[in-house]
Amino acid sequence: MGQAKTHGTGCAPLPDGRAAVTGESPDASASTPAQTAYATATEPSGTAASAPPGRHRRLFDWRIRFAVLSLIWGFSFLFIKVGTDGFAPLYVTLGRLLFGTLVLLVVLAIKRERLPRGARTWGHLTVAAFLLNALPFSLFAYAELHISSTLAGICNATTPLWGMALSLVALSEDRPTRRRIAGLGLGFIGVLTVLGAWQGFSGQDPGGTVMALIASLSYAVGWIYVRRTLAKVPHSNVSMAGGQLLLGTAQLGLVTPFFATFPDSLPMLPLLSVLALGVLGTGLAFLLQYGMVAEVGPTTATLVTYFIPVIATAAGVLVLDEALTWNTPVGAVIVLAGAALTQRGPRRSTQGRPAKKPRQP
């Protein structure tokens, strides 16, 4: 939440057919801007076209949910930016995790499911919560004190590139090909283009940019960790995600009071942004992603990764009036093209038989 790939704020399929999903990549992270959850990476049993006709089905077609998810995760970077105008970055992250956790706990209560059991599972979830939630969410929040939400969204799109580079070392099933190496190189060129390397990175805050890139790297490390440790845990996806977000909330709850001053007031707009970031970008987004993966499969569902920086850029420019120079969108396109190349792999047949071995490029 299929093929063994790592995506940006989408999902990283696991060996046994599960996958880690992030909410924004931001986060990304997600990815993902982003919470992490687990969704069953089953091949789609059918598409909307094959479903029984009806008004309800048309209104909630997976394409509509895909568009909503893209908007939610794309706007997450704007929500972070507005949230940090009124609260310290750690409190923005804590609020995000708290509200997202509450959403999933409510869903668990409605479904009458329990949180995961077993000390080993909770131990692995603790590490996953740090790598996929507490650390990257906090880094993106701190980064947006210094860089635009547009640049943060584009940095989030580098997650598949980090994942590809790391998986070549950490995962035996991922083998380098000339196409994938070319994708990594192209993505690196895209990052340099976004940052305006030829003019000495002028106009970009190096500290904020590095924090956003490390956040994206943290998503990639976290996905690989989840694939290695939690692939065969016999708990539902909602249960695992709820446990992970609960642990992430606890981690931030213990740390935040020591590194940030509790706000004297609760300004309405930043508060609403944090609420939206948690309820929509961290809670509802997981549920949407989970449903789409189950319905249309992980490959289609995780294409949302490539829409996030586009929407983040549009939101930053149109809503926050952030400056946009030619190299930012051009570099973003190059980054996404490189990320797409790294995700190319052998296809699985729809009938469960191994596909023919592809020719090496």
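Visitor: Where is threonine 150 found?

Guide: This is a predicted model, in which local features need pLDDT of at least 70, side-chain atom pairs count only at pLDDT 80 or more, and totals for chains, interfaces and linings use all residues. Residues are numbered from 1 along each chain as its sequence is written, and side-chain values use heavy atoms, with hydrogens and water left out. Helices (H or I, at least four residues) and strands (E, at least two) are DSSP runs, numbered from the N terminus. Threonine 150 lies in the helix made of residues 149-156, and that helix is α5.

Visitor: Is threonine 150 buried or exposed?

Guide: Buried means under 20% relative accessible area, exposed over 50%, and partly exposed in between (1.4 Å probe, protein chains only). Threonine 150 has 1% relative accessibility, so it counts as buried.

Visitor: Which residues is threonine 150 in contact with, leaving aside its neighbours within four places in sequence?

Guide: Contact means heavy atoms within 4.5 Å. With the neighbours within four places left aside, the partners of threonine 150 are Ala312, Thr313, Gly316, Val317, Glu322, Leu324 and Thr328.

Visitor: How many residues of α5 are buried?

Guide: The buried residues of α5 are Ser149, Thr150, Leu151, Ala152, Gly153, Ile154, Cys155 and Asn156. The helix is therefore largely enclosed by the rest of the structure, the count of buried residues being eight of the eight.

Visitor: At what angle do α5 and helix α8 pack?

Guide: Axes are lines fitted to C-alpha atoms, for helices over the stretch in contact, and angles run from 0 to 180 degrees between N-to-C directions. Leu151, Cys155 and Asn156 are the residues on the α5 side, and Thr209, Ala212, Leu213, Ser216 and Tyr219 those on the α8 side. The axes of α5 and α8 (residues 206-229) are 8 Å apart, and the angle is about 35°.

Visitor: Which hand does the crossing of α5 and α8 have?

Guide: A crossing is left-handed if the near helix is turned anticlockwise from the far one by less than a right angle, and right-handed if clockwise. For α5 and α8 the crossing is right-handed.

Visitor: What is the distance in space between histidine 146 and glycine 207, C-alpha to C-alpha?

Guide: Histidine 146 sits in the loop between α4 and α5, and with 45% relative accessibility it counts as partly exposed. Neighbours within four places aside, histidine 146 is in contact with Asp205, Gly208 and Met211. Histidine 146 and glycine 207 are 61 residues apart in sequence, and their C-alpha distance is 7.7 Å.

Visitor: Are α7 and α13 roughly parallel or roughly antiparallel to each other?

Guide: Angles under 35 degrees count as roughly parallel, over 145 as roughly antiparallel, 65 to 115 as roughly perpendicular and the rest as oblique. Helix α7 (residues 178-195) and helix α13 (residues 327-342) pack at about 165°, with axes 7 Å apart. The two helices α7 and α13 are therefore roughly antiparallel.

Visitor: What is the phi of arginine 112?

Guide: Most residues other than glycine have a negative phi. Arginine 112 lies in the loop between α3 (89-111) and α4, and with 79% relative accessibility it counts as exposed. Its phi is positive although arginine 112 is not a glycine, at about 55°.

Visitor: Where is the place of aspartate 321?

Guide: Aspartate 321 also has a positive phi, near 60°, in a residue other than glycine. It is exposed, with a relative accessible area of 67%. Its place is the loop between α12 (308-318) and α13.

Visitor: How many helices and strands does the protein have, and what share of its residues is buried?

Guide: The secondary structure comes to 13 helices and three strands. Of the 361 residues in the protein, the buried share is 54%.
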